[in-house]
Number of protein chains: 2
Amino acid sequence: MQIAIPLFDRFTALDAVGPYEILGRTPGAEVVFVAERTGPVSNDSGSLQLVAHKTLAEVPSPDLVIVPGGPGQSDQMENATLLGWLRTADAATTWTTSVCTGSLLLAAAGLLEGRRATSHWLALEALQEFGAEPTGERVVFDGKYVTAAGVSSGIDMGLALLGRIAGDDTARSVQLLTEYDPQPPYDCGSPEKAPAALVEEWRARSRHVIR
Amino acid sequence: MQIAIPLFDRFTALDAVGPYEILGRTPGAEVVFVAERTGPVSNDSGSLQLVAHKTLAEVPSPDLVIVPGGPGQSDQMENATLLGWLRTADAATTWTTSVCTGSLLLAAAGLLEGRRATSHWLALEALQEFGAEPTGERVVFDGKYVTAAGVSSGIDMGLALLGRIAGDDTARSVQLLTEYDPQPPYDCGSPEKAPAALVEEWRARSRHVIR
């Protein structure tokens, strides 16, 4: 089983590494980070680089694709190379997945038309404009398409998907080994739980960022 | 404020990237990944590489250190360069922190003697052998030393520490922006919650791995 994680300039690191840490432990899986060119790819803040070991063209038919999001996603919405690869890869996959605004890239590639899906909470309107049907769930399964909400949600998606791929016992083992027993010190992780003023502040600040 | 994250061969990616994604958003912070040599550093499975942009020697006095763990930790327990750097850096830090078996490296450097601390649940005995006082908490503060439990716990540590550094409002903003509203599909993330047989299986398997 080959898992491909496409990287692009200004991706968000945890979008990729959260599900990587879970799904990379699938028995028999090989994970490959891919990009238009091989070599280091910089994240949204510029202080972290993950290495892409193969080009998109070198990995045409993965079994599972995990598309991260991040501020750089908006620069990729008309990137014919990346969107073309997503379509080609999707024709081969058993599972096509995304975290955060990675779902906007799947939607731009035409893969989420009429499908239930999710994205970062600030990107749900944009997701709808691209033909998907946003839901309020943290992880959304629609056939082989699995989309997760913002940044940290890829860990939950990874465990839910690992359960489907390798069974509940394997997923439970991985949860125990990664000690995923979350205890956030605040209860402010969704727009429903956060103070309304904070939600509105970020909606205003992001208005021209996510598209 | 300079945040240094030391990398070593076969580190666990989420140990580093979880707290990075949270604490890297501290207003005014600069994050630098460091290692004995600059360039790509491979994680425990070998399929992920993070780039170290500076050598340990080039970053002698960070304000905050975050030490990840991972299977490669056991190869570093007598590495005089890394342990010496941890001692020197610690003399400058406001906060010295670890995730997972990273605390064994802090302990090997002599920094956790008699301190309350934690580690991956499979490494708590080893932590005690190195002079620390393990607790059952997910995130342990003892003065400026902050240690977190296994792999995913660095996200919780990051938020708790961000609250201390930059205030509750900033931490809440970062929780909302990273949409950290965890919803694990299983409830098996600690040895107390997992089936006893699974816990015993992993204790047996790890007996000669963590030291």
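**A walk through two chains**

Buried means under 20% relative accessible area, exposed means over 50%, and partly exposed lies in between, using a 1.4 Å probe and protein chains only. Strands such as this one are DSSP runs of E with at least two residues, helices are runs of H or I with at least four residues, and both are numbered from the N terminus.

Before we go on, a word on the ground rules. This is a predicted model, in which local features need pLDDT of at least 70 and side-chain atom pairs count only at pLDDT 80 or more, while totals for chains, interfaces and linings use all residues. Residues are numbered from 1 along each chain as its sequence is written, chains are lettered from A and ligands numbered from 1 in the order in which they are written, and side-chain values use heavy atoms, leaving out hydrogens and water.

Back to β7(A). W95(A), T97(A) and V99(A) point one way from the strand, T96(A) and S98(A) point the other way, and all are buried. Which strand runs parallel to β7(A), joined by four bridges? That partner is β6(A), and L64(A) stands opposite W95(A) in β7(A). Two strands count as paired if DSSP finds at least two bridges between them.

Now step back to the whole sheet of chain A. It is an open sheet of seven strands with mixed pairing, in the order β5-β2-β1-β6-β7-β11-β10. At its edges stand β5 (54–55) and β10 (139–142) of chain A, each with a single partner strand, so one side of each has no neighbour in the sheet. Four bridges join β10(A) to β11(A), and these two run antiparallel; here V140(A) stands opposite T147(A) in β11(A).

Helices pack on this sheet. α2(A) touches β1, β2, β6, β7 and β11 of chain A, where contact means heavy atoms within 4.5 Å. The direction of α2(A) makes about 150° with that of β6(A). Helix α5 (residues 153–166) of chain A touches β6, β7, β10 and β11 of chain A, and its direction makes about 165° with that of β7(A). Axes are lines fitted to C-alpha atoms, for helices over the stretch in contact, and angles run from 0 to 180 degrees between N-to-C directions.

Look along α2(A) for a moment. Its buried residues include L82(A), W85(A) and A89(A), and what covers the buried residues of this helix includes α3 (102–108) of chain A.

In chain B, S153(B) lies in helix α5. At 0% relative accessibility, S153(B) counts as buried. Not counting residues up to four places away in sequence, S153(B) touches V99(B), R138(B), V139(B) and A148(B).

Finally, where do the two chains come together through helices? Helix α1 (residues 13–23) of chain A and helix α1 (residues 13–23) of chain B pack at an angle of about 150°, with their axes 10 Å apart. The contact is made by residues including L14(A) and V17(A) of α1(A) and L14(B) and V17(B) of α1(B). The residues of this contact divide into eight nonpolar, two polar and two charged. Here Ala, Val, Leu, Ile, Met, Phe, Trp, Tyr, Cys and Pro count as nonpolar, Asp, Glu, Lys and Arg as charged, and the others, Gly among them, as polar.
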